[in-house]
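Here is a quick tour for anyone meeting this structure for the first time. Have a look at it before reading on.

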Amino acid sequence: MKAIYILLLSVLFLVNKGFGQTAELCQGAYFTEPEGKAFLEKHAVTTKLEWEARAEKIRKQIREGMGLTTLPAKPTSKPIVHSKKEMDGYTIENVAFESMPGIYVTGNLYKPIKKQKSYSGILCPHGHGENPHGRFREQTQKRCATLARMGAVVFVYDMVGQGDSKQCEHKMAKALKLQTINSIRSLDYLLSIPGIDPERVAVTGESGGGTQTFLLAALDNRVKVSVPVVMVSAHFFGGCVCESGLPIHKKGDFQTNNVEIAALAAPRPMIMISDGGDWTKNTPEVEYPFIQNIYGLYGKKNQLEAVHLADEKHDYGPSKRKAMYGFMAKHLGLDLKAVTDAQGNINETPSKLLEIKDLEVFNAAHPRPANAVMGDEAVLSLLK
């Protein structure tokens, strides 16, 4: 996954050439590690009022940098839902719906079989990955199925240009804008499902999906719990156009970074999961204390947690998922015992790995709708 980031970095400037944005883009390791730490020290706040004024400026730049001060009109078409599969304690359905006219969000909906008075809803954006793409990877399927076995309704959706979302290339210049629109519309979809409790809604993703996690939590207060995994960094700004290909971090003299953006979740519950093998290696000493201070301004330090796995690398592996499951159970009222064995270990065995053909939305039997807009140029024209 990290190697893919490095490859993507090599095309960032070419992709943005001609769009007049390169000078204000903060991409990849834009800061050195000491510079990232110094930036946070310079922007430390001491009062809630001071932070909220800063927070409004950060949100404003995110929206303006994306060209998303207003959302495009919400389509009125009905979601496409098919191929329901009954598994061990949960079901899976293949789903697509329009986020904009002619643009389809594609993914899978996991539901618990056990009936409840109400359900927690969890969005699961995924990170970069090939062979297969993120939605179909073992680590993604395992977390979605296990969360459903715990009692949550879970929607995992494709990154732009990946999985079934092949209407444009992933490196399309405004992928960040489209991906954010898709995340907001995915939240709309999740909340439209009968029985979802709007006070128990969460989002979690790793790597590029971690970026989607903290951006959605920053922009949409309907997210009540967030779990960004292996992505919150003081010096690294995201290595792909879908994260840093638009000027959301900088304009003129204004500058922010992903730590401040992640902090916009305060005082809602958040756990930061990091490791020693990537740009989150300094989290216990740098990123976590900065965000903890902001939670403290609200008297809510107990709503922020951090798990650092110093010997691990960049993924959403079993120990990272274990930390997430516990946090979700605590704040969403999920049943952790339903996925725990007699020794107290998380048992993901019943969360079966399915083949792509079982999970894909569009195929010979269910073709992509005729109104789907195809190609980078056509998609970009919709995003102007």
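## Ground rules

Helices (H or I, at least four residues) and strands (E, at least two) are DSSP runs, numbered from the N terminus. This is a predicted model, where local features need pLDDT of at least 70 and side-chain atom pairs count only at pLDDT 80 or more, while totals for chains, interfaces and linings use all residues. Residues are numbered from 1 along each chain as its sequence is written, and side-chain values use heavy atoms, with hydrogens and water left out.

## The whole chain

Let's start with the big picture. The protein chain has 12 helices and 11 strands. Its C-alpha atoms fill a box of roughly 55 × 50 × 35 Å along the principal axes. The radius of gyration is 20 Å, which agrees with the value near 21 Å that a compact globule of 384 residues would have. That radius is taken over C-alpha atoms, and the globule rule is 2.2 Å times the number of residues to the power 0.38.

How much of the protein chain is buried? Buried residues make up 60% of the 384; the word means under 20% relative accessible area, with exposed over 50% and partly exposed in between (1.4 Å probe, protein chains only). As for contacts (heavy atoms within 4.5 Å), take those between residues at least 6 apart in sequence: 76% of them join residues at least 24 apart.

The predictor's confidence in each residue is called pLDDT and runs from 0 to 100. Its mean over the protein chain is 94, and 94% of the residues reach 70 or more. Residues 4-21 are another story: pLDDT stays under 50 there, and the model has 36 contacts beyond four places in sequence for this stretch. Where pLDDT is low, the predicted coordinates should not be read in detail.

Aspartate 158 sits in the loop between β5 (152-157) and α5 (175-192). With 3% relative accessibility, aspartate 158 counts as buried. Leaving out neighbours within four places in sequence, aspartate 158 is in contact with Thr106, His126, Arg135, Gly163, Asp164 and Ser165.

Arginine 321, in helix α10 (residues 318-332), is buried at a relative accessible area of 6%. Not counting residues up to four places away, arginine 321 touches Gln139, Lys142, Arg143, Tyr316 and Glu348. Tyrosine 288 is part of helix α9 (residues 287-297) and counts as buried at 18% relative accessibility. Beyond four places in sequence, the residues touched by tyrosine 288 are Met272, Thr283, Leu304, Glu305 and Ala306.

Most residues other than glycine have a negative phi, and most peptide bonds are trans. So where should you look for something else? Asparagine 131 is in the loop between β4 and α4, and at 76% relative accessibility it counts as exposed. A cis peptide bond, with omega about 0°, joins asparagine 131 to proline 132.

The bond from alanine 266 to proline 267 is also cis, with omega near 5°; proline 267 lies in the loop between α8 (258-263) and β10 (270-275). Is serine 207 buried or exposed? At 0% relative accessibility, serine 207 counts as buried. Serine 207 has a positive phi of about 55° although it is not a glycine, and its place is in the loop between β6 (196-206) and α6 (208-219).
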